[in-house]
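Hi there,

Here is the structure I promised to hand over. My notes on it follow below; please have a look when you get a moment.

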Amino acid sequence: MARLASPPSVFFTIFAVAMVFIGTVAPQAEGARAFYVFGDSLVDNGNNNYLFTSARADSPPYGIDYPSHRPTGRFSNGYNIPDLISQQIGAESTLAYLNPQLTGQKLLVGANFASAGIGILNDTGIQFANIIRIYRQLELFQEYQRRVSALIGIEQTKRLVNKGLVLITLGGNDYVNNYFLTPITARRLQYSLPEFTRLLITEYRKILMRLYDLGARRVLVTGTGPLGCVPAELAVRSTNGQCAEEPQQAAALFNPRLVQMIQSLNQELGSDVFVAVNAVEMQNNFIDNPQAFGFVTSKVACCGQGPYNGVGTCTAVSNLCPNRDIYAFWDPFHPTERANKIIVQTIMTGSDKYMYPMNLSTIMAMDSQT
Ligand SMILES: *[C@@H]1O[C@H](CO)[C@@H](O)[C@H](O)[C@H]1NC(C)=O
Ligand SMILES: *[C@@H]1O[C@H](CO)[C@@H](O)[C@H](O)[C@H]1NC(C)=O
């Protein structure tokens, strides 16, 4: 149990020591807004490095194209989606909340609370042992706000958080690592796919309301990607390279319901706090027509083994493609940095088919006027 999430006392000590060295804390850089990230492996910047779990990306070849060329805990060959959003908003990457370097001024950049393997439901990802489930991520966000308050005061902290940009990515693991994990699962016995989807949406709504209560006012909410098309699913469920049917049905049910839920939530709040990011539509473009985006394939992962390089995990002994820029998928589940760039470009400038009710460049233009 020694490697479990750092107890607050450890944080506090590190924090106090850091304060002695920093002395005074400079005000937040003009312009860049804080960025907060919640969710699963698609957006984890390395929290799981500090946990006792099998869901980790802290050994080679992960990070092979990252500036340091070393693994960081990101499930990518290089940058992941949060890094690329940070770049778009003119900020440095957020640090993982469990990273001991997240102290002093760095706290004003924001924080990444995401943890690979988690889902909307508390029972998702139990096979990964010790991961930071979403309600715990929200508790850590509260802890973060207490730490920042000690630095810049309660009012300024509230302002920082209210003006921050938030990204939350949940749902994929509730299907692939829970409902569909094995041919027979407890959840499958309990619910039909539409019923299970309804449960996920109901629970996601509660999570989003909790985020709002904690001060979030601009939140990008992503649903699932094209679950049946990832190399891992092709490897176990596809006979002819066609995307696997059931997980695709799941994504097709989940994403429209997510948009509806966000519409009703915004209506209730009287403001466009939540913005739906349709990750299925975004990825379908390059999955259906990889060549048009400069990929040689959208079916075979760059790093892995077995059919489609989709079996098991990406490790030092896996097959590894020499040029990561021509693959849509880095490992059996996660896009390459180049695919992430396409996704983030669509988040920035996509039409309401991809970003509902608006894209990030519109959000940034609106928020800069207030
Ligand atoms: C998940 O756990 C949190 C507490 O950690 C609890 O508040 C929440 O209701 C649980 N969700 C479900 C669906 O049981
Ligand atoms: C963003 O979304 C708006 C509204 O849907 C659209 O008019 C605009 O062309 C999109 N792109 C940019 C760069 O704002």
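The classes are nonpolar for Ala, Val, Leu, Ile, Met, Phe, Trp, Tyr, Cys and Pro, charged for Asp, Glu, Lys and Arg, and polar for the others, Gly among them. Around ligand 1 sit L121, N122, Y135 and E203, a shell of two nonpolar residues, one polar and one charged.

A word on conventions: this is a predicted model, where local features need pLDDT of at least 70, side-chain atom pairs count only at pLDDT 80 or more, and totals for chains, interfaces and linings use all residues. Residues are numbered from 1 along each chain as its sequence is written, while chains are lettered from A and ligands numbered from 1 in the order in which they are written.

On confidence, the chain has a mean pLDDT (the predictor's confidence in each residue, from 0 to 100) of 91, and 91% of its residues reach 70 or more. Residues 1–29 stay under 50. Where pLDDT is low, the predicted coordinates should not be read in detail.

Now the helices, which are DSSP runs (H or I, at least four residues) numbered from the N terminus. Helix 7 (residues 193–213) and helix 9 (residues 245–269) have axes that come within 9 Å and cross at roughly 35 degrees; axes are lines fitted to C-alpha atoms over the stretch in contact, with angles from 0 to 180 degrees between N-to-C directions. Their contact (C-beta atoms, placed from the backbone, within 7 Å) includes L200 and Y204 of helix 7 and L253 and F254 of helix 9. By class, this contact has 14 nonpolar, two polar and two charged residues.

Helix 10 (residues 279–288) packs against helix 11 (residues 337–349) at about 135 degrees, with the axes 10 Å apart. That angle makes helix 10 oblique to helix 11 (oblique is whatever is left after under 35 degrees for roughly parallel, over 145 for roughly antiparallel and 65 to 115 for roughly perpendicular). M282, Q283 and F286 of helix 10 meet A339, I342, I343 and T346 of helix 11, giving five nonpolar, two polar and no charged residues.

Best wishes

Note on methods. Near = placed C-beta within 6 Å. Contact = placed C-beta atoms within 7 Å. Helix = DSSP H or I, 4+ residues; strand = E, 2+ residues; numbered from the N terminus.
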